[in-house]
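Dear colleague,

Please find below the structure that I am handing over to you. I would be grateful if you would look through it before reading the notes.

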Amino acid sequence: MMRKYLLTLCLSVVFTAFAIAQQTSVRGKIVEQTSNDAISDVDVFIDNTNLAQTTDVNGEFLFSGNKLPLGEGVLILRKSGYETLQIPIVINEGQELELDLIYMQSDVSSYTADVGIISLSDEELDQEDGSASNISGLLQSSKDVFLQAAAFDFSATFFNPRGYDSEYGKVLINGIQMNKLFNGRPQWSNWGGLNDATRDQVFSMGMSANDYNFGGLAGSTNIIMRASQYREGGSVSYASANASYIGRVMASYNTGLMPNGWAVSVLASRRFASEGYNDASLYEANSFFAAVEKKINDKHSLNLTAFFTPNRRGKSSPNTQEVYDLKNTRYNAYWGRQEGEKRNSRMRNIEEPVIMLNHFWDFNETTSLNTNIAYQFGKWGDSRLGYDNAPNPDPTYYQKLPSFFVGDPNGPRYDQAYLATERFQEDGQIDWYRMYETNLAYGGTSRYYLYEDRSDDKQISANTIFTKRMDNITLNAALNYRNLDSHNFANMLDLLGGNGYLDVDTYNFGDGAQSDLNNPDRIVDKGDTFKYNFKLLAEQYDAFVQAQFKYRKVDFYLAAEAGSTNYQRDGLYQNGAFADNSFGKSEKLDFTTYGFKGGLTYKITGRHLIDLNAAYYTQAPTLRNSFSNSRQNNETVKGLTEESIQNVDLSYIFRSPWLKGRVTGFYTKIEDASQISFFYADGISGLGRNTTTAFVQEVLTGVDKQHMGAELGLEAQVTPTIKLKGAAAIGQYTYANNPNLYLTSDDFEQELEFGKSYLKNYKLSGGPQRAYQVGFEYRDPNFWWVGATANLFSNAYADVAPIARTQNFYMDSNGYPFMDYDEDVARELLKQERFDSYTLVNIVGGKSWRINEYFVGFFASINNVFNQKYKTGGFEQGRNANYQTLNEDVNKEKRVFGPKYWYGYGTTYYLNLYFRF
């Protein structure tokens with residue numbers, strides 16, 4: 001019996017050992033690429049499963065058991081401060097897969113992100129219509145090869161992936177949407193200078209699945225500012241540059257999650273320049289951040305985050321080519337010397353602190369609820385010179401330039417043109433002294449003054465985000481609420497030596513001249529509100545639900561959203577020109593929105609994937625495009641309705657240990673958009689008086705746009721130290737219909753209807769529609785690296801003037817067509833300008849040293865190495881609104897009202913020195 005028992009026991013041990021040896025498993029070890037040190041606390045996932053492990057102190061991990069998915073799969077390795085890896089694997093039943101040593105490298109993008117941020121050029125953001133803006137900040141968290149190129153190398157040219165404006169990209173902080181209700185765009189300066197606190201980001205490309213919200217065409221980024229999620233330790237850095245600012249100092253420290261359940265993070269930084277790349281482009285920005293989190297227990301955590309980034313900068317002017325030729329591409333018309341110092345008349349001042357409270361509730365390992373509330377308040381001001389019954393102080397005013405004298409209707413006045421050239425080249429700036437002198441000459445009543453267009457906002461946001469993870473299914477749901485109270489007014493900054501300003505419109509008469517009939521003929525002092533005074537009120541609700549399904553061969557998702565948005569204007573002045581429709585509340589605008597999207601990823605193998613996304617949704621117009629002349633009256637845009645958006649994209653993705661790439665085709669149709677522009681127009685028919693000039697609000701409704709094209713990104717790790725990369729974008733972004741156009745103004749009583757504006761097939765402005773890149777990166781085992789790229793850009797276009805594409809173009813002031821109208825000449829006059837193509841070469845590099853537990857290093861870049869001159873944007877002036885005035889201007893020896901342009905930076909550098917502990 002004893003022998004039989006011992007024999008049974010031995011056989012059991014043998015079979016058990018054999019079974020263990022035959023158990024399906026995956027094991028590996030992760031080390032730092034340059035030092036070969038083991039990396040602990042790396043999160044290791046098997047894609048499309050709920051299986052996850054964390055590496056131990058030796059950098060090792062092990063998956064085992066009968067739940068492992070058999071066949072081809074992908075192993076995902078993720079740790080803050082390192083580049084995320086995706087490794088194709090094949091799991092066979094009853095076999096152990098022991099991987100070769102896995103190398104992870106530091107995430108250089110956490111420092112190259114600074115380059116993308118510093119290249120957020122201000123010039124395009126200064127456009128009053130907000131037609132385009134750089135979105136490199138939105139993309140900096142993406143590891144996609146193409147989007148990395150778009151964020152860091154294409155960004156200086158105002159290139160927008162797929163041609164989308166930034167209002168179509170969503171930016172969230174701790175789950176709270178930060179896009180402004182006024183114009184739909186994220187205000188990057190609200191968290192500028194907080195680089196160390198904004199590195200942890202979750203990015204979803206395009207309309208793909210997103211755990212937080214429905215998303216947007218240009219993608220969605222959630223910036224995580226949670227104290228417990230920051231790496232324990234601190235950082236001190238100093239950056240030197242010659243673009244927007246010349247210096248930045250930053251310090252941050254994070255405790256990490258302490259044994260008592262508390263975590264604290266703090267950061268402070270300053271960016272500064274008495275003058276940036278462009279003349280008199282002052283830059284002053286201070287940034288402060290603090291986050292405190294308390295882990296109450298295993299289920300509940302509370303996080304309080306606050307940041308304040310007051311910033312002040314001098315803006316730069318767009319100019320005609322004549323002005324650039326007389327000066328240079330750094331020329332800025334907005335400044336002049338006062339007592340020997342450069343004083344910029346166009347200053348932007350933003351102070352909008354944000355406070356948010358976040359509650360994290362983990363019901364169990366698979367279910368969580370994140371509830372957030374945020375409050376943002378503060379002010380936004382844009383200063384400018386005002387003048388009444390006095391000459392225009394703008395040094396580039398057309399009557400001060402040589403072209404005005406050369407194009408004199410009575411014959412060229414070359415002597416005066418010569419003198420104008422000399423005056424402009426010798427000075428060509430604002431004459432502050434003369435304005436003071438003029439005000440004193442009129443007994444102290446200011447003819448010239450400096451004021452700011454102010455917006456003082458108060459916004460509360462709240463949401464709750466639910467997540468439920470099951471074996472192959474993840475459910476997401478969210479409820480969102482936002483409420484905005486925006487006070488808008490003109491604020492007197494400086495009377496320029498005067499003792500008061502009479503608040504009347506000198507171009508109108510009687511009651512029509514009064515800005516506020518309830519307080520007529522007011523004398524305005526410094527700090528007073530005048531000209532206009534109103535509130536914009538907005539309220540928005542929406543709900544979002546999504547289901548994600550992940551299986552061995554296919555992943556797919558379905559999502560839907562629904563929402564309601566309402567706007568209202570509350571006039572605080574009774575404007576004399578609109579006495580019956582300016583004081584008190586306007587009608588309330590209500591919009592109901594909804595959307596659906598879905599997508600799938602088909603895994604041909606672990607290396608070859610097909611990805612498809614499709615969406616249809618509606619969105620409310622922005623506040624900015626809902627009231628035709630909000631500064632003076634309650635009039636809403638006629639025929640205003642929700643925008644509808646259709647989108648589809650199809651990608652082929654390849655990934656292997658040495659090569660990864662993506663090629664995508666996309667198509668988007670945006671319908672029923674609206675646009676509002678403000679300008680002085682000459683040549684308007686139908687005014688009903690002996691004039692053809694007026695300052696107008698141009699309203700476009702029913703605007704359709706089409707975006708289609710392809711993009712490619714490739715990256716090859718040809719040796720352990722050398723990486724080659726390439727990217728290409730080929731797009732065609734056009735107006736897809738002929739929208740309706742009408743004008744409003746206090747110069748005429750009723751709107752002027754011009755019917756269709758024939759914009760179909762004109763190209764959309766907003767950066768180059770084609771871009772190509774080739775580059776390389778070398779990483780040396782001795783902790784230094786260098787890279788370079790060559791970037792070709794083409795097919796960028798000037799923004800066209802819609803009014804010049806209406807019947808007004810060929811109609812005389814008597815309502816009949818011009819007698820000398822020639823269709824062939826008109827076609828040439830209305831041909832859209834395409835900018836010249838150009839190539840930019842950029843070089844980046846860095847070096848780091850590890851001294852015990854400390855890291856010291858630097859990152860440096862040189863952009864536009866060969867100092868290439870190029871136009872980044874521009875627009876036709878709407879002043880010449882008809883055939884005769886435009887034809888006359890174009891055929892002059894020198895154009896007087898040619899398009900205005902922005903030029904890109906020449907050679908710029910960025911150097912960042914850092915110490916981490």
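The notes below go from the whole chain to its cores, strands, rings and loops.

This is a predicted model, in which local features need pLDDT of at least 70 and side-chain atom pairs count only at pLDDT 80 or more, while totals for chains, interfaces and linings use all residues. Residues are numbered from 1 along each chain as its sequence is written, and side-chain values use heavy atoms, with hydrogens and water left out.

**The whole chain**

The protein chain has 11 helices and 46 strands; helices (H or I, at least four residues) and strands (E, at least two) are DSSP runs, numbered from the N terminus. Its radius of gyration, taken over C-alpha atoms, is 30 Å, close to the 29 Å that the globule rule (2.2 Å times the number of residues to the power 0.38) gives for 917 residues, so the chain is as compact as a globular protein of that length. Along the principal axes, the C-alpha atoms fill a box of roughly 125 × 60 × 55 Å. Of the 917 residues, 56% count as buried, where buried means under 20% relative accessible area, exposed over 50% and partly exposed in between (1.4 Å probe, protein chains only).

**The nonpolar cores**

In soluble globular proteins, nonpolar side chains tend to be buried together. A nonpolar core is a set of buried Ala, Val, Leu, Ile, Met, Phe, Trp, Tyr and Cys residues joined through side-chain atoms within 4.5 Å. The largest one has 47 residues, of which Leu217, Tyr617, Ile684, Val696, Leu743 and Phe809 touch the most other members. Among the elements that give two or more residues to this core are β33 (608-619), β35 (659-682) and α10 (823-829). The most comes from β35, with 5 residues. Leaving aside neighbours within four places in sequence, Tyr617 is in contact (heavy atoms within 4.5 Å) with residues including Met207, Phe214, Leu217 and Tyr594. A second, separate core of 21 residues includes Ala263, Phe289, Ala291 and Phe307.

**Strand β22**

Why is strand β22 described as largely enclosed by the rest of the structure? The reason is that 4 of the 5 residues of β22 (residues 347-351) are buried. Strand β18 (residues 311-314) is joined to β22 by 4 bridges, and the two run antiparallel; two strands pair if DSSP finds at least two bridges between them. Here glycine 314 stands opposite methionine 347. β22 also pairs with strand β24 (residues 367-387) in the antiparallel sense over 4 bridges, and asparagine 349 has glycine 381 in β24 as its bridge partner.

**Rings and charges**

A search of the whole structure finds 44 aromatic pairs. Rings of Phe, Tyr and Trp (its six-membered ring) pair if their centres lie within 6.5 Å; planes under 30 degrees apart count as stacked, over 60 as edge-to-face and the rest as tilted. Ring pairs link Phe146, Phe154, Phe159, Phe793, Tyr838 and Tyr870 into a cluster. A charge sits over a ring if NZ of Lys or CZ of Arg is within 6 Å of the ring centre and within 35 degrees of the ring normal. The charged end of lysine 342 sits over the ring of tryptophan 335, 4.8 Å from its centre, and that of arginine 343 over the ring of tryptophan 432, 4.2 Å from its centre.

**Two loop residues**

Phenylalanine 783, in the loop between β40 (770-780) and β41 (784-794), has a positive phi of about 70 degrees although it is not a glycine. Asparagine 795 lies in the loop between β41 and α10, and its phi is near 60 degrees.

Yours sincerely
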